[in-house]
Amino acid sequence: MTTMTSVLNSGDIDKALAECAGSPFHFKTFFATSGLSKKSDVELAKVFNILDQDQSGFIEEDELKLFLQNFHGKARELNAAETTAFMDAGDSDHDGKIGVEEFKTMVKA
Ligand SMILES: [Ca+2]
């Protein structure tokens with residue numbers, strides 16, 4: 001089973017989580033600090049599969065809300081505004097969910 005720490009450095013994950021723990025979540029900042037933005041397509045596909053908790057092939061809004069908890073079980077949930085902004089940034093075909101190609105494009109943007 002793939003884990004986040006098999007793809008990302010755990011110190012970088014901790015730093016990225018600390019940045020948004022008590023302050024607003026900015027997905028671009030999180031992608032940069034966690035190291036996600038520098039990962040290969042293969043590695044990003046592995047991360048996508050973790051985020052797609054029900055293995056539907058898409059990250060839906062309820063999964064996106066719990067995004068941070070994939071990096072640490074006790075991380076906070078995203079609030080409604082953060083979740084909406086995150087979804088809008090990733091959902092380029094406007095079907096209300098994020099597919100793997102959309103995810104890779106968003107992370108590397
Ligand atoms: Ca899903």
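## Burial and model basis

A residue is buried if its relative accessible area is under 20%, exposed if over 50%, and partly exposed in between (1.4 Å probe, protein chains only). Phe-86 has 1% relative accessibility and therefore counts as buried.

The model is predicted: local features need pLDDT of at least 70 and side-chain atom pairs pLDDT 80 or more, whereas totals for chains, interfaces and linings use all residues. Residues are numbered from 1 along each chain as its sequence is written, and side-chain values use heavy atoms, without hydrogens and water.

Asp-52 is buried, at 2% relative accessible area.

## Aromatic pairs

The structure contains 11 aromatic pairs. Rings of Phe, Tyr and Trp (its six-membered ring) pair if their centres lie within 6.5 Å; planes under 30 degrees apart count as stacked, over 60 as edge-to-face and the rest as tilted. The Phe-30 and Phe-71 rings, with centres 4.9 Å apart and planes at 70 degrees, are therefore edge-to-face. Both residues, Phe-30 and Phe-71, are buried.

Phe-31 and Phe-86 form a tilted pair, 5.9 Å centre to centre with 50 degrees between the planes. Phe-31 is also buried, at 2% relative accessibility. One aromatic cluster includes Phe-30, Phe-31, Phe-71 and Phe-86.
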